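Thanks, everyone. Have the structure up on your screens, please.

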Amino acid sequence: MEWPACTDEYEKLLIRMSTPRVVIDNTSCSMATLVKVDSARRHGILLDAVQVLTDLNLYIKKAYISSDGRWFMDVFHVTDQNGNKLTDESDIKHIEQSLGSIHNGRSNHSNGLTALELTGTDRVGLLSEVFAVLADLQCDVVEARVWTHNGRIASLIYVKDYNSGSTIEDSQIINKIEVRLRNVLEGDNDIRSAKTSVSMAVMHTERRLHQMMFADRDYERTPIFKFTSDNPVVTVQNWAQRGYSVVNVQCKDRSKLLFDVVCNLTDMEYVVFHATINTNSDQASLEFYIKHKDGTPINSEPERQRVIQCLKAAVKRRASEGVQLELCTEDKQGLLAEVMRTFRENGLNVIRADIYTTGDMATNMFYVTDVIGNPADPKIIESVRQKIGLADLEVKELPLMDQQKAEKEDQDVGVGGAVLLSIGSLVRRNLFNLGLIRSCS
């Protein structure tokens, strides 16, 4: 490492101690690449490391975390999204550099965009109204993330002025945006909890969404829709002899699961001292040994129940429920307002959205259900696709419950088994003809 001329020896020592040591091992395991991180222990260091790997679209199959005194040691077994080991030297170098710089903090800046934060009561058509207001106010949506859970909604929307293409800095315009969006969020019955805010820079988008949902206490709300593909099992017990609280999470495995759980433990001010993460087929098992920042374990039954509630919410906020629709088309002013209005007019409710624009192209992912949270009617999906454009809006994935139902139909034998198999084949053939699945075989 080359040092600036003004750097003294003590400062060099501090930098060396705080800079993580990263080793990429491609020989010890035949199924995954091992990423080893050694670092001085500080609150949030585990989250920073997991965040780096998640942002690089790596899948964490296993992980072993341990801290000894003031030192922290992590071993992650990672693959790419296709389940393959990492072989590209430039990718490996990028991982090393990214993990080696986490001692500097990992805030995301707006890159010349204005960030809008929205929380409130979710309802059918809400996003249609939000994006209609932004289009009317000449706000160009560059990126947005929308999560809904237990009847609440949290959204982080990055916009710029449509005419100038620059950050919106005029205080009068910002105030107008806040007021109009708050009126939309408040509706008829959410005057107290609806919130809007505008800033020029924010931290990591998904971490911020977790914080917004947590602050909104979504974990205490009663689910409005019962349609769910995953019910995580969370247990919390104290290991009195060692002074740890032991947290176990058992659930369906999915991308970014470890990030979601660690993010919430960190934001609840718990320190992870040891952890083991294992995935097997489509199941995940996560075990954490935690303490408060002052070194004490969970000390009451209400606190234990709160941890269980919060971690269940952390897992379910990102659950991929509903039909997954991908919109790829040329970007234009008011595009999102038009698309959301079409969804609303056809009785589709958007429960999650990932919205991006790159150059002149918009790439948006929507997860939709019907108005009461059940899987959307395939005929309605096809009608919406025709209105928006069959080539622009594609079905990427059906809900997990529909997939499981189809599998069950294939497996049912015995009395009426042949009839069930025939019906299952007919259903898949109809879905194929509607363009909702890639193959009817």
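Start with helix α10, where K379, Q386 and K387 are exposed on one side. Exposed means over 50% relative accessible area, buried under 20%, and partly exposed in between, with a 1.4 Å probe and protein chains only. Helices are DSSP runs of H or I, at least four residues, strands are runs of E, at least two, and both are numbered from the N terminus.

A word on the source. This is a predicted model: local features need pLDDT of at least 70, side-chain atom pairs count only at pLDDT 80 or more, and totals for chains, interfaces and linings use all residues. Residues are numbered from 1 along each chain as its sequence is written, and side-chain values use heavy atoms, leaving out hydrogens and water.

Back to α10, residues 378-388. Which of its residues are buried? They are I381, E382, V384, R385 and I388. Seen down the helix axis, these buried residues fall within an arc of 160°, so they line one face of α10. That arc is taken from the directions from the helix axis to the C-beta atoms. What do they pack against? The partners are β13 (323-330), α9 (335-345), β15 (361-369) and β16 (393-397).

Now the ends. D377 caps the N-terminal end, with a side-chain oxygen 2.9 Å from the backbone nitrogen of K379. After the helix comes G389, with a positive phi near 130°.

Next, salt bridges. The term means a side-chain nitrogen of Lys or Arg within 4 Å of a carboxyl oxygen of Asp or Glu. The whole structure holds 25 of them. One joins D354 and R145, with the closest N and O atoms 3.8 Å apart. D354 is in strand β14 (residues 349-358) and R145 in strand β6 (residues 139-149), so the pair ties together parts 209 residues apart in sequence. D354 is buried at 15% relative accessibility. R145 is buried too, at 9%. Both belong to a salt-bridge network that also includes E206, R254 and K256.

Compare R341 and E345, whose closest N and O atoms are 3.9 Å apart. Both sit in helix α9, four residues apart, about one turn. R341 is partly exposed at 36%, and E345 is exposed at 57%.

Last, E269 and K293. Their side chains form a salt bridge at 3.3 Å, N to O. E269 is in the loop between α7 (257-267) and β11 (270-280), and K293 in the loop between β12 (283-292) and α8 (301-316). E269 is partly exposed at 37%; K293 is exposed at 53%.

How values were computed. Contact = heavy atoms within 4.5 Å. Polar contact = N/O pair within 3.5 Å; in protein donor to acceptor, adjacent residues only side chain to side chain.
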